[in-house]
Amino acid sequence: MTTLHEPVVTTTPADLSVWPASTTEPRPGDLAVGGVPLAEAADRFGTPVYVLDENEVRERCRTYRHAFPDAEVLYAAKAFLCRAMVHWTEEEGLGLDVCSAGELELAVTTGFPPERIVLHGNAKSPRDLETALRLGVGRIVIDSPSEIARLAAAVGPDGHQKVMVRVVPGISAGGHEKIRTGTDDQKFGLSIADGYAQHAIARILDQPQLELTGLHCHLGSQITSAKPYLAAVRRVVGLMARLYEQHGLVLPELDLGGGHGIAYRPGEAALDLTALARRVRAELSDACAAAGLPVPRLIIEPGRAIVGPAGIAVYRVLAVKKTGDHTFVAVDGGMSDNPRPALYGVRYAPRLIGRASAAPTAPVTVVGRHCEAGDVLAADVELPSDLRPGDLLAVPVAGAYHLSMASGYNLVGRPPVAAVRDGHARLLVRRESLDDIRRRDVGL
C-alpha cells in the first residue's frame, strides 16, 4: 500500500499511444487522465461515464491554430457539443460549424459570437434558417437549389446574409462508404461535373441580399492522406476560375471541410496535420497562380481530430460468458451510447483499469447490454483472461460521435460527461435519468 510518505512513480506505457497525452499509470493497472484516476471517476460519477481531458482538447485547438495560422479554423460541433466545449473552443480562438438550430442556440446562449458560426445542413428546416437569421449567424452554407429562394425570402429585400455553396468535387475519400461525402452519389452538395453548382451560383448572384463569400466542400471522414485534399483544391479552384470568366466573380474564401483521420488503436494511421497544412497551402497558391486568381482565405472544419482523442468511455463489466469458442464480456453500456461499431464497424482497444492483472490475455468480444445482436463495442480484442463482473473497462478515443449520436434505446439513459484537468474532475453533462425520460412521455 502506498502511504503519504512514499513517492508515487508514474509511467506512460507505449501501448497508451492513442490515449490523451496526460495519461499516466500511477500504479500498475490504475490509469489516470488529467491527474484523475479513471477508477475514481467511475466511482464518483457511476458508469458508463465519459471522461474528457480539457487540456487535450485545448492543446488540439492550438495545434490547428499553429498549423494553419492564416486560416479560419471552425470546430465541427456535430462531433460533440456541450456548453463547456463551446467555451473552450471560443477561448482557443476557433469558430464553430453547426448543423441545426439546436447546436446554434446552445452555442450562442453560452456566449459564442454568432458571427463566428457557420450553419451547414443538406436539409435545413424553416426553424434552422429562422434561428440562424435571428441570431445573426456568420455564414449559411447553401446545399441545394431550393434553399436559395427560401433563404432570400427569409432574409427579405432589405436584409443581408453571407452564404457559401457546398460543391461536390467528385473525389472518393474516407474510412467507410457511409462517411464519404465528396462523390456525386450521395446527398450532400451540388456537383461540379454536371453543372448544378454553377447554375446555383448564378441564381445566388441574382439575389442581392445574399452575399456569396466562397465555396465549400467536404470529402468525408477519417481521411489519412493529404492527396484527396490536394485534388479537391485543384477542382474547386478550377470552378472558381470558370466563375471568374463567366461572372467576373472573385471569391475570397475556400472551405475544405474536415474529415481529418485519427488513430483509434495503436499503430493505426492518422493524418499528418503539419504536412497537410504545408501541402494544401502550396497547392492552393500554385492553382490560383495558374488561374490568375488571388489566393482565397482557407477555412477548415476539424471535429473528431480535436475532441475524439480527448475522450475516454468507462464501463463496468456485468457478465463474462463463454459460448463455444467465444468469450463475451458484457458491460453496462453499448450501442445506445456508442452506435459507431454497429454503423461503421469501428474497432477500439479497450483496457482493464482499476486493478493489475498477471493473467495472460485472451481474445474476447466486448458487448453491450442492449437487446440487439449487433450491440458489439469491441470484437476479438485481447484482454486479461481473469476478467470478472465488477471490473472496469476503459475505451480510449471516445470523445467524438459517441454521446452526440446516443439514443434512448431500451430507455437506459445517456451517460454523463466529466471533464478532468490538473487532478480535478467536474461534471459537464449529467446522466439522463428515468425521471427525464418520464417527463417527455406526456400522454396516456
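Predicted model: local features only at pLDDT ≥ 70, side-chain atom pairs only at ≥ 80, totals over all residues.
**Entry 1: salt bridges**

I started with charged side chains. Side chains of opposite charge can pair when their charged atoms come close. I searched the whole structure and got 29 salt bridges.

I looked up Arg 351 first. Its side chain meets that of Asp 15 in a salt bridge, at 3.0 Å from N to O. Where do the two partners of this pair sit in the chain? Arg 351 is in strand E16, residues 351–353, and Asp 15 is in the segment before strand E1, residues 24–27. They are 336 residues apart, so I noted a link between distant parts of the chain. I also checked the accessibility of Asp 15. Asp 15 counts as partly exposed, at 44% relative accessibility.

Next I took Arg 60 and Glu 56. Their side chains form a salt bridge of 2.9 Å, N to O. Both belong to helix H2, residues 54–67. They are four residues apart there, so about one helical turn separates them. Is each partner buried or exposed, or in between? Arg 60 is partly exposed at 25% relative accessibility. Glu 56 is at 11% and counts as buried, because the cut-off for buried is under 20%.

Then I went to Glu 105. Glu 105 forms a salt bridge with Arg 127, with the closest N and O atoms 3.6 Å apart. This pair, too, links distant parts of the chain. Glu 105 lies in helix H4, residues 101–109, and Arg 127 lies in helix H5, residues 126–135. The two are 22 residues apart. Glu 105 is partly exposed, at 24% relative accessibility.

I also followed shared partners. Salt bridges join Glu 54, Arg 58, Glu 59, Arg 62, Glu 91, Glu 92, Arg 421, Asp 422 and Arg 426 into one network.

**Entry 2: aromatic pairs**

How many aromatic pairs are there? I counted two.

Tyr 64 and Phe 68 make a stacked pair. Their centres are 6.4 Å apart, with 10° between the planes. Tyr 64 is buried at 4% relative accessibility. Phe 68 is buried as well, at 2%.

Tyr 264 and Tyr 348 make the other pair. Their ring centres are 5.5 Å apart and their planes stand at 90°, so I logged the pair as edge-to-face. Tyr 264 is in the loop between strand E12 (253–255) and helix H9 (273–291). Tyr 348 is in the loop between helix H11 (340–344) and E16. The pair spans 84 residues and links distant parts of the chain. Both tyrosines, Tyr 264 and Tyr 348, are buried.

**Entry 3: three strands**

I found an open sheet of three strands in the order E1-E2-E3, with antiparallel pairing. Which strands are at the edges? E1 and strand E3 (36–37) are, as each pairs on one side only. E1 pairs with strand E2, residues 30–33, over two bridges. Arg 27 stands opposite Asp 30 in E2.

**Entry 4: helix H4**

I went back to the helix that holds Glu 105. The buried residues of H4 are Ala 101, Glu 103, Leu 104, Ala 107 and Val 108. Seen down the axis, they fall within an arc of 160°, so they line one face of H4. They pack against helix H3 (83–91), strand E6 (95–98), strand E7 (117–119) and H5.

I checked both ends. At the start of H4, a side-chain oxygen of Ser 100 reaches to within 3.3 Å of the backbone nitrogen of Gly 102. After H4 comes Gly 111, with a positive phi near 110°.

Technical notes
Residues numbered from 1 in each chain as written. Heavy atoms only, no water. Salt bridge = Lys/Arg side-chain N within 4 Å of Asp/Glu carboxyl O. Buried < 20%, exposed > 50% of the residue type's maximum accessible area, 1.4 Å probe, protein only. Phe/Tyr/Trp six-rings, centres within 6.5 Å; stacked < 30°, edge-to-face > 60°. Pairing = 2+ DSSP bridges. Arc of directions from axis to C-beta. Contact = heavy atoms within 4.5 Å. Polar contact = N/O pair within 3.5 Å; in protein donor to acceptor, adjacent residues only side chain to side chain.
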